[in-house]
Number of protein chains: 2
Amino acid sequence: MPQGKPEVVPGDGLTTRQRRNRPVFAVHTGAMKGKSTAAFGMALRAWNQGWSIGVFQFVKSAKWRVGEESAFRALGALDEGGTVEWHKMGEGWSWSRKQGNEEDHAANAREGWAEIKRRLAGQRHDFYVLDEFTYPLNWGWIDTAEVVETILARPGRQHVVITGRNAPAELVAAADLVVEMTKIKHPMDAGQKGQRGIEW
Amino acid sequence: MPQGKPEVVPGDGLTTRQRRNRPVFAVHTGAMKGKSTAAFGMALRAWNQGWSIGVFQFVKSAKWRVGEESAFRALGALDEGGTVEWHKMGEGWSWSRKQGNEEDHAANAREGWAEIKRRLAGQRHDFYVLDEFTYPLNWGWIDTAEVVETILARPGRQHVVITGRNAPAELVAAADLVVEMTKIKHPMDAGQKGQRGIEW
């Protein structure tokens with residue numbers, strides 16, 4: 001956790017309050033676990049603020065339901081806290097891109113982005129998670145320049161977190177906050193398989 | 001997310017099932033945001049499995065209540081999912097170590113660890129978050145060798161996640177999973193201050 005002391009005082013003409021309340025555009029990238037989990041951890045704070053949360057998962061299969069989804073559906077149904085919408089873009093999408101119909105995936109990804117664009121324009125949510133969104137960008141399904149332009153020009157106070165490996169350079173350049181999750185050691189290196197409660 | 005394919009098949013004499021169900025000891029370290037948030041993201045999965053979750057925050061002030069805490073208290077109170085205990089060790093503990101009585105902090109930290117040790121021996125929880133636990137280790141308040149020995153010898157299937165900067169080498173050596181959160185870019189570099197819903 002940062003200590004809250006900015007390293008420089010910017011000459012942007014904004015008051016501290018205005019500067020404090022600027023919406024954040026964050027990117028979680030790198031080869032290691034923690035990109036999505038940290039984004040969902042951030043979403044817990046958003047929930048606690050009573051914010052409207054929109055999660056858009058770009059690669060996971062619609063059949064794949066991670067623990068975070070169940071937890072946020074439960075949180076979103078409570079009287080306290082914020083609301084949660086959880087969307088998974090596509091049936092049979094594969095993280096490794098080895099199965100399914102690639103053309104359909106590209107069309108689904110573009111459809112997902114078009115919907116997010118509409119929501120950003122309409123200020124539908126306070127906090128967006130675009131989970132594993134770097135993949136359709138890297139595969140050329142969605143235009144990165146358009147994404148950057150749309151996010152930078154978004155109205156109001158909408159926070160956006162994008163996760164996924166190999167974040168495009170334009171995305172990194174445009175983001176306020178970029179974290180790289182780096183592998184020091186992974187159990188799979190020692191032959192450990194994924195397990196429930198940990199990997200999903 | 002890992003693809004679930006181990007890179008090597010170990011010659012440890014365990015069945016795949018035994019190997020799959022080995023408890024994980026994870027360390028989230030590095031200078032950047034995301035260490036604790038990713039640990040709490042993992043805890044969402046644990047909650048979804050119906051597991052007993054124990055969170056022990058070693059540095060944050062007892063007055064400091066992050067959004068994650070409120071969210072987990074809400075989740076823990078539901079009929080579905082797991083149970084949540086959230087403990088903050090000490091009043092007035094400071095992340096920057098600039099305020100409060102250092103001697104009391106050391107005693108409080110040791111007391112916290114003694115309680116965790118008892119719980120591990122009694123298999124009290126399925127999933128432990130020892131948040132910002134590297135600090136009392138690095139400051140010499142708690143003996144790292146004893147922590148490593150205790151965690152490696154813990155009975156049953158108890159998952160342990162330790163977060164904090166500068167994880168001691170013995171901890172990294174002993175852990176199954178070590179992620180480093182690396183800063184690529186942070187809004188505070190550009191004068192941005194912390195804001196609610198994002199930093200807490």
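1. Two residues are in contact if their C-beta atoms, placed from the backbone, lie within 7 Å. Keep in mind that this is a predicted model, where local features need pLDDT of at least 70 and side-chain atom pairs count only at pLDDT 80 or more, while totals for chains, interfaces and linings use all residues. As for labels, residues are numbered from 1 along each chain as its sequence is written, and chains are lettered from A and ligands numbered from 1 in the order in which they are written.

2. What is chain A built from? It has seven helices and six strands, and from the N terminus on they follow the order α-β-α-β-α-β-α-β-α-α-β-α-β. Helices (H or I, at least four residues) and strands (E, at least two) are DSSP runs, numbered from the N terminus. Of the 200 residues in this chain, 46% count as buried. Here "buried" means that 20 or more other C-beta atoms lie within 10 Å of a residue's own; 12 or fewer makes it exposed, anything in between partly exposed, and C-beta atoms are placed from the backbone.

3. Have a look at Gly82(A), in the loop between helix H3 (67-76) and strand E3 (83-88) of chain A. Gly82(A) is buried because 25 other C-beta atoms lie within 10 Å. Leaving out residues up to four places away in sequence, Gly82(A) touches Ala46(A), Trp47(A), Gln49(A), Gly50(A), Trp51(A), Ser52(A) and Ile53(A). Gly164(A) is 82 residues from Gly82(A) in sequence, and their C-alpha atoms are 25 Å apart.

4. Glu132 deserves a look in both chains. Glu132(A) has a positive phi of about 60° although it is not a glycine, and phi of Glu132(B) is near 60°, also positive. Glu132(A) sits in the loop between strand E4 (127-131) and helix H5 (134-138) of chain A; Glu132(B) sits in the loop between E4 and helix H5 (134-138) of chain B. Glu132(A) has 22 C-beta neighbours inside 10 Å, so it counts as buried. Glu132(B) is buried too, with 22 other C-beta atoms within 10 Å.

5. Now for strand E2 (residues 52-57) of chain B. Five of its six residues are buried, so the strand is largely enclosed by the rest of the structure. E2(B) pairs in the parallel sense with strand E3 (residues 83-88) of chain B over six bridges; pairing requires that DSSP finds at least two bridges between the strands. Gln57(B) has Lys88(B) as its bridge partner in E3(B). E2(B) also runs parallel to strand E4 (residues 127-131) of chain B, joined by five bridges, and there Val55(B) stands opposite Val129(B).

6. Helix H3 (residues 67-76) of chain B is mostly covered, with seven of its 10 residues buried. Among them are Phe72(B) and Leu75(B). What do the buried residues of H3(B) pack against? They meet helix H2 (35-48) and H3 of chain A, together with helix H2 (35-48), E2 and E3 of chain B.

7. Last, the two H2 helices. H2(A) and H2(B) pack at an angle of about 90° with their axes 7 Å apart; axes are lines fitted to C-alpha atoms, for helices over the stretch in contact, and angles run from 0 to 180 degrees between N-to-C directions. That makes H2(A) roughly perpendicular to H2(B), a label for angles of 65 to 115 degrees (under 35 is roughly parallel, over 145 roughly antiparallel, the rest oblique). Residues making the contact include Phe40(A) and Met42(A) of H2(A), and Phe40(B) and Met42(B) of H2(B).
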